[in-house]
Amino acid sequence: MAIAVRTALMLLALSGLPVHTDTAKAQEPVRTVTEVFFPFQYVDPSANQKGYVATVMHEVLAGAGLSTDVEYLTWTKAYKTAERIPNTLIFSMMRTPKRETAFRWIAPVAKIPPAALFSAAERNLPTYPAIDGYKAHSVCAQEGTPPYDALVESGFEEGVNLFPLIDVAFSSMILDKDLGPVDHDWYELLLTGHCEYRVTVPVSMWARTTLSGRPKTAIVQHLDVPDPGGASPLLYLAANIRTEPDIVDAVSRSYERLNRSGRLREICETELPHYTEHCEIFAKPE
């Protein structure tokens, strides 16, 4: 941990920003968990964390004097770990009324548009004016996420017209030395009809399409998934509700310091140059 923190501080110093840390004095070990959510956070072939949210979290954790190690799990496991174990941080999580009292919400780390339904253009599948039209087809979404829950609430039946992507979305995120992390099965699932429509956020789908060497026209974006019970369009950094206050305070101060300096916006705009609208949640330099 000490080496990781020193490295982060050296990078901050080279960036010209003031170097500050608020060392969190935790009684128990602090864990940080998340999922692979390309292109926001993922791991490259050399086991380096990549994506602008991963970079933001690295600097926030280092500034709080915490380990910058992150556990990449399936979403369901990451969520349950953060929900059950004190002193656990989780990031890139949607904030919903159902989750509100289960976590201590620290700060937003990403802004995303609504999830939508996508299909392979060569399948020439129909676009329906309402979500009910898609019930005649197979729809795949990541289990445990608000969009998945919204589809269940809209009358989709698991195993009938709604299928979870837990293992597919995570285990098939193969690390390719030339292309980077590409979910090699996702397009085949669309083509074969196992998943006639896939639910994800547009920036993730377009990034996957580009990295797979396909033109954007290979994919068709259909209807947005209904709002999942008041979910915010922001993805948050949060902590287990029983996390020690000193930890939450140190992480919050580190985030605010980096945000006020404009560093978080700089990271976002550098790593997402074609999607800078996602960076509007961060402050411009003072």
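C279 counts as buried because its relative accessibility is 0%, where buried means under 20% relative accessible area, exposed over 50% and partly exposed in between, computed with a 1.4 Å probe on protein chains only. C268 is likewise classed as buried, at 0% relative accessibility. The structure is a predicted model, in which local features need pLDDT of at least 70 and side-chain atom pairs count only at pLDDT 80 or more, whereas totals for chains, interfaces and linings use all residues. Residues are numbered from 1 along each chain as its sequence is written, and side-chain values use heavy atoms, with hydrogens and water left out.

C268 and C279 are joined in a disulfide (a pair of cysteine sulfur atoms within 2.5 Å), with 2.1 Å between their sulfur atoms. The torsion about the S-S bond is -80°, and the link of C268 and C279 is left-handed. This pair connects distant parts of the chain, eleven residues apart: C268 lies in helix α9 (residues 263-271) and C279 in the segment after α9. Helices (H or I, at least four residues) and strands (E, at least two) are DSSP runs, numbered from the N terminus.

A disulfide also links C140 to C195, with an S to S distance of 1.8 Å. The torsion about the S-S bond of C140 and C195 is about -85°, so this disulfide is left-handed. Here, too, distant parts of the chain are linked, 55 residues apart: C140 belongs to strand β8 (residues 139-141), and C195 to the loop between α6 (186-192) and β12 (197-200). C140 and C195 are both buried.

In total, two disulfides are counted by this rule. With bonded cysteines counted along the protein chain, the disulfides follow the pattern 1-2, 3-4.
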